[in-house]
Amino acid sequence: MKEKVGILLLVLLLCCGFADDGQELPSLQGRLVYHSYVSYDDKGSRLCVFDFESGEMRDISEEISAINPGVEHAMNGHFGSATDIVFMAMELNQWGYDHWYVYHYNLDTKALTNLVAGSEYNYEDPKYAPDGSRIVMKRRIWQDDDWSYSLVEMDMSTKDLTVLLEDGYENSMPYYSRGGNRIYYAQYDGVESKIYSLNRADLQVREEYAEQGVYAYYPVVRWTGQEEVYFSKWHSSSNRADKIAQLTQTGYALLPFNTQEAADYSDACPVGEGYMMLSATLDGTYDLYLADCETGELWPMSLYSPAINTDHRNELGAHYRIKALGPTKNPL
Ligand SMILES: [Ca+2]
């Protein structure tokens, strides 16, 4: 009997210990798109989609290869609905050079469309508007011995393009606000990278975040609950490891999970109302994590599927989408 009581106490202690150590792994119901590569320059990026409900992992790069073997190095996938994604990938252009194009892929019908086929411009960083009706992209062309950059928007029903911004700077990584009427982006002026936003109605730009000697980039917006803007920035001018910050009225606030000074935390992807996915180099290469933005707790995404994180590849560029928007609070 004594033994049994002893074992019971031990079990209770262990249970309490686990409860104190952290929260339960949040339940996710939607879909994740992300890419992975050994190095950015090897042109071997692969796009994957994981369905949390069914547990199915799809190698989208393999599916695309079966349709058009010339499309490679797919990355930066973004959901317009639970079944529609846009992404950027390389394909030889009409002059025989590797060229960035933006593609649409339907996860149900497996229809692949090069949205900018035949263009002499490179198109990168596609992001859907919250209602899925249009996408915003970075565009560039080699002209007069230099790159010329613009931010452009495509109407997804007509495929018509509108130039939103062409100010002589390298503007990239555009991301729609919660209502779709403002576009956040990173501007590289030759010295630093800063966060700006553009009002779609009058095309006026506004500086959102700039810090001397520090690069800031990858702005994203939380579309559920309150609008919150996040971005990546160097830890400091002397420590170039990325940290994820939230834009505030007074500048920025680092999120509580950025605990290791030498590690990179990047590619914020808001999930529900208080969580985000991100990529971090806590264990060698970049791996994907789910983070509690309040407590700073991190869960490796391999807890959801062992196939997500690998030791030899960098898992980056997460975008998460719930399958159907609920009438009240959105489920995770
Ligand atoms: Ca990895």
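Begin with strand E12 and strand E13 (residues 182-188): they run antiparallel and are joined by five bridges. The model is a predicted one. Within this pair, select Tyr 176 and then Ile 183 in E13, its bridge partner.

Now widen the selection to the whole sheet. It is an open sheet of four strands, ordered E12-E13-E14-E15, with antiparallel pairing. Look at the edges, where strand E12 (170-176) and strand E15 (205-209) stand; each has a single partner strand, so one side of each has no neighbour in the sheet. Turn the view to compare strand directions: on average, neighbouring strands here are turned by 30 degrees against each other, direction ignored.

Next, select strand E20 (residues 265-271) and strand E21 (residues 275-283). Five bridges pair E20 with E21 in the antiparallel sense. Which residue in E21 is the bridge partner of Tyr 265? It is Ala 280. The two strands E20 and E21 make a hairpin, with three residues between them. In the turn, pick Gly 272, whose phi is positive, about 60 degrees. Then colour E20 by burial: seven of its seven residues are buried, and the strand is mostly covered.

In soluble globular proteins, nonpolar side chains tend to be buried together. Select Met 277 and show what lies around it. Apart from neighbours within four places in sequence, the contacts of Met 277 are Cys 269, Val 271, Leu 288, Tyr 289, Leu 290, Ala 318 and Tyr 320.

The last two stops concern the backbone angle phi. Most residues other than glycine have a negative phi. Go to Lys 43, in the loop between strand E1 (31-37) and strand E2 (46-51). Lys 43 is not a glycine, yet its phi is positive, about 55 degrees. Is Lys 43 buried or exposed? Lys 43 is exposed, because 12 other C-beta atoms lie within 10 Å, and a residue counts as exposed at 12 or fewer.

Finish at His 73, in strand E4 (residues 72-79). His 73 also is a residue other than glycine with a positive phi, near 65 degrees. How many other C-beta atoms lie within 10 Å of His 73? There are 21, so His 73 is buried, the cut-off for that being 20 or more.

Definitions and conventions:
Residues numbered from 1 in each chain as written. Predicted model: local features only at pLDDT ≥ 70, side-chain atom pairs only at ≥ 80, totals over all residues. Pairing = 2+ DSSP bridges. Axes fitted to C-alpha atoms, helices over the stretch in contact; angles between N-to-C directions. Contact = placed C-beta atoms within 7 Å.
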